[in-house]
Amino acid sequence: MTGILFDLTFLLAVPFWALMIVLPKWSWTERIMKSPLIVLPIVAIYAALIVPDFGGVWSAVSNPTLDGVAGLLGSPAGAAAGWAHMIAFDLFVGRWSYLDSRERGVPVLVMAPILLLTIMLGPLGLAAYLAVRPRWRERLG
(Lines give C-alpha, C1' and ligand atoms only; values in the text may rest on other atoms or scores of the structure.)
Protein backbone atom coordinates (compact mmCIF):
# COMPACT_ATOMS: atom_id res chain seq x y z
CA MET A 1 0.00 0.00 0.00
CA THR A 2 2.88 2.38 0.78
CA GLY A 3 4.21 2.01 -2.77
CA ILE A 4 0.82 2.86 -4.22
CA LEU A 5 0.53 5.97 -2.05
CA PHE A 6 4.07 6.99 -3.03
CA ASP A 7 3.22 6.71 -6.75
CA LEU A 8 -0.15 8.39 -6.32
CA THR A 9 1.39 11.41 -4.60
CA PHE A 10 3.13 12.76 -7.69
CA LEU A 11 0.36 11.66 -10.05
CA LEU A 12 -2.08 13.85 -8.12
CA ALA A 13 0.22 16.87 -8.50
CA VAL A 14 1.09 16.47 -12.20
CA PRO A 15 -2.14 17.92 -13.64
CA PHE A 16 -1.68 21.15 -11.68
CA TRP A 17 1.95 21.52 -12.73
CA ALA A 18 0.93 20.84 -16.33
CA LEU A 19 -1.70 23.58 -16.19
CA MET A 20 0.76 26.12 -14.76
CA ILE A 21 3.54 25.28 -17.21
CA VAL A 22 1.77 24.22 -20.42
CA LEU A 23 -1.47 26.23 -20.22
CA PRO A 24 -0.58 29.18 -17.97
CA LYS A 25 -2.86 31.67 -19.75
CA TRP A 26 -5.90 29.41 -20.07
CA SER A 27 -8.73 30.98 -18.07
CA TRP A 28 -9.44 27.74 -16.22
CA THR A 29 -5.84 27.39 -15.10
CA GLU A 30 -5.97 30.52 -12.98
CA ARG A 31 -9.41 29.61 -11.62
CA ILE A 32 -8.21 26.17 -10.57
CA MET A 33 -4.92 27.40 -9.14
CA LYS A 34 -6.63 30.06 -7.02
CA SER A 35 -7.88 27.30 -4.76
CA PRO A 36 -5.41 26.30 -2.05
CA LEU A 37 -7.42 23.08 -1.77
CA ILE A 38 -5.55 21.55 -4.72
CA VAL A 39 -3.00 20.17 -2.26
CA LEU A 40 -5.56 18.41 -0.03
CA PRO A 41 -5.41 14.99 -1.74
CA ILE A 42 -1.64 14.95 -1.22
CA VAL A 43 -2.08 16.10 2.38
CA ALA A 44 -4.52 13.21 2.86
CA ILE A 45 -1.87 10.78 1.60
CA TYR A 46 0.66 12.32 3.98
CA ALA A 47 -1.79 11.91 6.86
CA ALA A 48 -2.50 8.30 5.91
CA LEU A 49 1.23 7.60 5.99
CA ILE A 50 2.05 9.28 9.31
CA VAL A 51 -1.06 8.53 11.41
CA PRO A 52 -0.17 4.85 11.97
CA ASP A 53 3.09 5.92 13.67
CA PHE A 54 2.09 9.40 14.79
CA GLY A 55 3.85 9.05 18.15
CA GLY A 56 7.15 8.16 16.50
CA VAL A 57 6.79 10.90 13.90
CA TRP A 58 5.90 13.48 16.52
CA SER A 59 8.84 12.47 18.65
CA ALA A 60 11.24 12.79 15.70
CA VAL A 61 9.97 16.22 14.58
CA SER A 62 9.27 17.83 17.95
CA ASN A 63 12.84 17.32 19.14
CA PRO A 64 14.72 16.77 15.89
CA THR A 65 18.13 15.19 15.70
CA LEU A 66 19.95 14.05 12.59
CA ASP A 67 19.75 10.40 13.66
CA GLY A 68 16.07 10.74 14.57
CA VAL A 69 15.09 12.27 11.23
CA ALA A 70 17.27 9.75 9.36
CA GLY A 71 15.48 6.97 11.22
CA LEU A 72 12.11 8.47 10.41
CA LEU A 73 12.87 8.73 6.69
CA GLY A 74 14.79 5.45 6.57
CA SER A 75 11.78 3.20 6.00
CA PRO A 76 9.48 2.91 2.99
CA ALA A 77 6.63 4.56 4.92
CA GLY A 78 8.93 7.33 6.15
CA ALA A 79 10.32 7.97 2.67
CA ALA A 80 6.81 8.01 1.18
CA ALA A 81 5.65 10.45 3.89
CA GLY A 82 8.68 12.66 3.26
CA TRP A 83 7.91 12.56 -0.47
CA ALA A 84 4.27 13.54 0.11
CA HIS A 85 5.43 16.35 2.40
CA MET A 86 7.77 17.68 -0.31
CA ILE A 87 5.25 17.33 -3.13
CA ALA A 88 2.52 19.12 -1.17
CA PHE A 89 4.76 22.03 -0.22
CA ASP A 90 6.41 22.28 -3.64
CA LEU A 91 2.97 22.40 -5.27
CA PHE A 92 1.81 25.06 -2.83
CA VAL A 93 4.94 27.15 -3.50
CA GLY A 94 4.56 26.62 -7.24
CA ARG A 95 0.93 27.69 -7.00
CA TRP A 96 1.91 30.87 -5.14
CA SER A 97 4.68 31.64 -7.63
CA TYR A 98 2.32 31.08 -10.57
CA LEU A 99 -0.44 33.29 -9.14
CA ASP A 100 1.97 36.01 -8.06
CA SER A 101 3.69 35.96 -11.45
CA ARG A 102 0.33 36.36 -13.21
CA GLU A 103 -0.46 39.44 -11.08
CA ARG A 104 2.95 40.90 -11.88
CA GLY A 105 2.95 40.06 -15.57
CA VAL A 106 6.06 37.86 -15.42
CA PRO A 107 6.44 36.29 -18.88
CA VAL A 108 5.47 32.63 -19.14
CA LEU A 109 8.85 31.88 -20.74
CA VAL A 110 10.50 33.10 -17.54
CA MET A 111 8.12 31.17 -15.31
CA ALA A 112 8.18 27.80 -17.09
CA PRO A 113 11.80 26.95 -16.14
CA ILE A 114 11.27 28.32 -12.64
CA LEU A 115 8.23 26.11 -12.16
CA LEU A 116 10.16 23.11 -13.50
CA LEU A 117 12.94 23.87 -11.04
CA THR A 118 10.34 24.10 -8.27
CA ILE A 119 8.99 20.65 -9.16
CA MET A 120 12.44 19.09 -9.16
CA LEU A 121 14.29 21.02 -6.42
CA GLY A 122 11.61 22.99 -4.55
CA PRO A 123 13.65 25.47 -2.52
CA LEU A 124 15.87 26.32 -5.51
CA GLY A 125 12.77 27.05 -7.59
CA LEU A 126 11.49 29.32 -4.85
CA ALA A 127 14.86 31.07 -4.70
CA ALA A 128 14.85 31.53 -8.48
CA TYR A 129 11.38 33.06 -8.39
CA LEU A 130 12.28 35.35 -5.50
CA ALA A 131 15.35 36.46 -7.48
CA VAL A 132 13.36 37.46 -10.60
CA ARG A 133 10.21 38.64 -8.84
CA PRO A 134 11.38 42.21 -8.04
CA ARG A 135 11.86 42.94 -11.75
CA TRP A 136 8.08 43.03 -12.23
CA ARG A 137 5.88 45.25 -10.08
CA GLU A 138 2.45 44.11 -9.03
CA ARG A 139 -0.21 45.42 -11.36
CA LEU A 140 -2.63 47.84 -9.76
CA GLY A 141 -6.32 47.01 -10.02
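Helices here are DSSP runs of at least four residues, numbered from the N terminus. With that in hand, let's look around this predicted model.

**Two partners for one aspartate**

Start with helix α6, where arginine 104 and aspartate 100 sit 4 residues apart, about one turn of the helix. These two form a salt bridge, and their closest N and O atoms are 2.9 Å apart. Are they buried or exposed? Both arginine 104 and aspartate 100 are buried.

Aspartate 100 also meets the side chain of arginine 133 in a salt bridge, at 2.6 Å from N to O. This pair links distant parts of the chain, since aspartate 100 belongs to helix α6 while arginine 133 lies in the segment after α8, 33 residues away. Aspartate 100 counts as buried because its relative accessible area is 7%, and buried means under 20%. Arginine 133, at 23% relative accessibility, counts as partly exposed.

Within it, lysine 34 pairs with glutamate 30. Lysine 34 is exposed because its relative accessibility is 53%, and the cut-off for exposed is over 50%. Glutamate 30, at 25%, is partly exposed.

How many salt bridges does a search of the whole structure find? The answer is 4, and here are three of them:

| Salt bridge | Closest N to O |
|---|---|
| Lysine 34 and glutamate 30 | 3.9 Å |
| Arginine 104 and aspartate 100 | 2.9 Å |

**Helix α7 and its neighbours**

Now find α7, which covers residues 108-120. Its 13 residues reach 18 Å from the first C-alpha to the last, close to the 18 Å expected for a helix of this kind at 1.5 Å a residue. Which of its residues are buried? They are Met111, Ala112, Ile114, Leu115, Thr118 and Ile119. The buried residues of α7 pack against α1 (2-22), α6 (76-104) and α8 (122-132).

**A cavity inside**

Rolling a probe the size of a water molecule over the atoms shows where empty space is left. Searching the whole structure turns up 1 cavity of 30 Å³ or more. The largest cavity has a volume of about 60 Å³. Among the residues lining it are Met20, Tyr98, Arg102, Met111, Ala112 and Leu115. Helices α1, α6 and α7 each give two or more residues to this lining, and α7 supplies the largest share, 4 residues. What kinds of residues make up the lining? They divide into 9 nonpolar, 1 polar and 1 charged.

Methods: Residues numbered from 1 in each chain as written. Predicted model: local features only at pLDDT ≥ 70, side-chain atom pairs only at ≥ 80, totals over all residues. Heavy atoms only, no water. Expected span 1.5 Å × (residues − 1). Buried < 20%, exposed > 50% of the residue type's maximum accessible area, 1.4 Å probe, protein only. Contact = heavy atoms within 4.5 Å. 1 Å grid on protein atoms, 1.4 Å probe; cavity = no way out; pocket = protein on both sides within 12 Å on 5 of 7 lines; lining within 4 Å. Points joined across faces, edges and corners; volume = space filled by probe spheres on them. Nonpolar A, V, L, I, M, F, W, Y, C, P; charged D, E, K, R; others polar.
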